[in-house]
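Thanks, everyone. Please bring up the sequence and the structure on your screens. I will start with one loop and then turn to the sheet.

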Amino acid sequence: MVTKFVADQLGEEFVRPPPFDLPQSYGDSSATIPLLFVLSPGADPMAALLKFAEDKGFGGEKFNAISLGQGQGPIAETMIKNAQKNGSWVALQNCHLAVSWMPQLERICTELTEDTTHPSFRLWLTSYPSPKFPVSVLQNGVKMTNEPPTGLKQNLLQSFLSTPISDQEFFTGCGQKNKVFQRLMFSLCFFHALIQERKKFGPIGWNIPYGFNESDLRISLQQLQMFVNEYREVPFEAITYMTGECNYGGRVTDDWDRRCLLTLLADFCNAAVIGEDEYRLSPDGKYTVPDTDSYEEFLEFIEGLPSTQHPEVFGMHENVDITRELQESRRLVDSILLTEGTGSSSDGGTTDQQLNEVAADILAKLPANFDMEEANARYPVRYDESMNTVLVQEMERFNRLLHTIRSSLQQLQAVIKGLVVMSADLEALTGSLLIGRLPAMWAAVSYPSLKPLGSYINDFIQRLNFLKKWFETGKPPVFWLSGFYFTQAFLTGAMQNYARKYKIPIDQLAFEYENAGSTLGSEEFEGRSTALNMGTVRDTERRNSLNFSPKRETRFRNDVQGLKKYFDIEYDPSEWRLFIDSSKTSLKAVLLPNDNSFTSLPLGHSVHLEENYNDLFLRKSTIKNIVGW
């Protein structure tokens, strides 16, 4: 939808990636200005650079390239000095891998002057984005990037517009076997586009994201041409092995990904590709191998392909699009929020004023840190009460988060006043506060949360109040299970309490869950060794009860009359009826209101009674004695 909106409002040229225009970038450079390729996964500019150098007459000995790494810095420096004198070109690849040599590179680029440098000299650099890359080189150089296109159509189009396919000599390099070669070439390009596009589905596409790029396709196409020319019959087994196991498979480290890759390749490299006039590359038949041998007709055919593709093309269920679209929508909204966040407020306030207001508002809501000395004194470590340890540890964790939030906001206020220098962490904090996102430095010491900033702060205050109430009034009858920083500690502590009280091995205990209805309040009766949970979402009315009991024990609700009294339910047996559900493996007893105006109340439950009248009578008699029926 967004692509269609941009195309309709701005024009088709804004949704099509522009061709990689090296001549224009070269025209903006000089002997003293380096040219920098900013690399991205799936793109490799070296082949285009080598061809451009050949076209400009700087091939062979006039072009020197070196991949930086350990011990390569002095060699690269010597190459640059020689090229400065004789006017040749030098390409330094993967600068991000030679972090320790980057200061020397900055010095070399600074010392490039017109007096000491040949006019024909050019320094080409390639690097992934890196915080260690020299800022002066980045600012003064001519920067270029060549990201892989999005979508099968654009991917195919770029493959045919790039070398070696765009070279007419290569495109028609198989003589009488040209049609066979061109059909397999198109199928292989489709395979390359497909495995590139599978990456956008995350772990559903590939267990591990791999950096498949144009170099893999280029060498595979060159090998394909060689096999077609040198063999009477096309050796599909050899092509599959070289392409799937070596060229692309050499990057694959997961066995299941390798199996998936070879399975996909088998659909695009087989005898049917050259035997059928319009071989179907997808189950729906929208993608086929065109029956033509003209380069222009291939381009025209690709232009006619749909701009978006169905997951069925990738061999996936249509539901995978939901995950992908959610991720893309989230990135789009985040980008829009980032753009909006840098503007002024509606009342004309500046960014600094906005930040100061947000920081002051959050700081005003934060309570003081928990007094850990008093907490340890009031809730010491006890063998019979593990909840003391749970509370103290939770208070320590929340104190650490509270300190991080408070200190970072106070530092931000000092930065706004000009008292402290802005750091990278504080700069990231300001960006997150402006767009209402949880800052990364808070998330690093926080409990897991997907809430935006405002909801996160409110939730954080509620969690602190939950612990504060526990600290001041003692262990509550109801625990906010999702309000803990580390919930597993609470669950383990609850099991330890029960195991130690009844002298039962803890590995024989298990949790059971019952829906306690939708009308229960924030407090409940306390049954025998029962912990109750306020629910995983506190703002809803759902409440669940958490019970644990050893094997072969029948569990009953104890003070049912008191429970109904607490919830203002009139205790009149004539308005209630007893329902007993039994089977071969379980027996349950429930009180049902005649008019359905109240929540049903569970009375008893056992999973070890057989279905017979004696057991039913026994349970009914026991329930009668407990409830007073």
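Pro164 sits in the loop between α7 (152-161) and α8 (168-171). This is a predicted model, so keep that in mind throughout. The peptide bond between Thr163 and Pro164 is cis. Its omega is about 5°.

Next, the backbone phi angles. Which loop holds Asn94? The one between β3 and α5 (102-110). Asn94 is not a glycine, yet its phi is positive, about 55°. How accessible is Asn94? Asn94 is partly exposed, with a relative accessible area of 21%. The cut-off for buried is under 20%, so Asn94 at 21% counts as partly exposed.

Lys503 also calls for a look. Its phi is near 55°, again positive in a residue other than glycine. Lys503 belongs to the loop between α22 (487-502) and β7 (511-515). Buried or exposed? Lys503 is exposed, at a relative accessible area of 73%.

Strand β2 is joined to β3 (residues 89-93) by five bridges, and the two run parallel. Within this pair, Ile66 stands opposite Leu92 of β3.

Move on to β3 and β4. Four bridges link these two, running parallel. Here Trp89 has Arg122 in β4 as its bridge partner. Between β3 and β4, the chain passes through α5, and this β-α-β crossover is right-handed.

On to β1 (residues 35-38). Strand β1 pairs with β4 in the parallel sense, over four bridges. In β4, Trp124 is the residue opposite Leu35.

Last, β4 itself. How many residues of β4 (residues 122-127) are buried? Six of its six. Both faces are covered. On one side are Arg122, Trp124 and Thr126, all buried. On the other, Leu123, Leu125 and Ser127 are buried too. Two of these names came up earlier. Arg122 is the partner of Trp89, and Trp124 stands opposite Leu35.

That is the tour. I'll take questions.

Conventions
Residues numbered from 1 in each chain as written. Predicted model: local features only at pLDDT ≥ 70, side-chain atom pairs only at ≥ 80, totals over all residues. Heavy atoms only, no water. Pairing = 2+ DSSP bridges. Buried < 20%, exposed > 50% of the residue type's maximum accessible area, 1.4 Å probe, protein only. Right-handed = clockwise from strand over helix to strand, strands pointing away.
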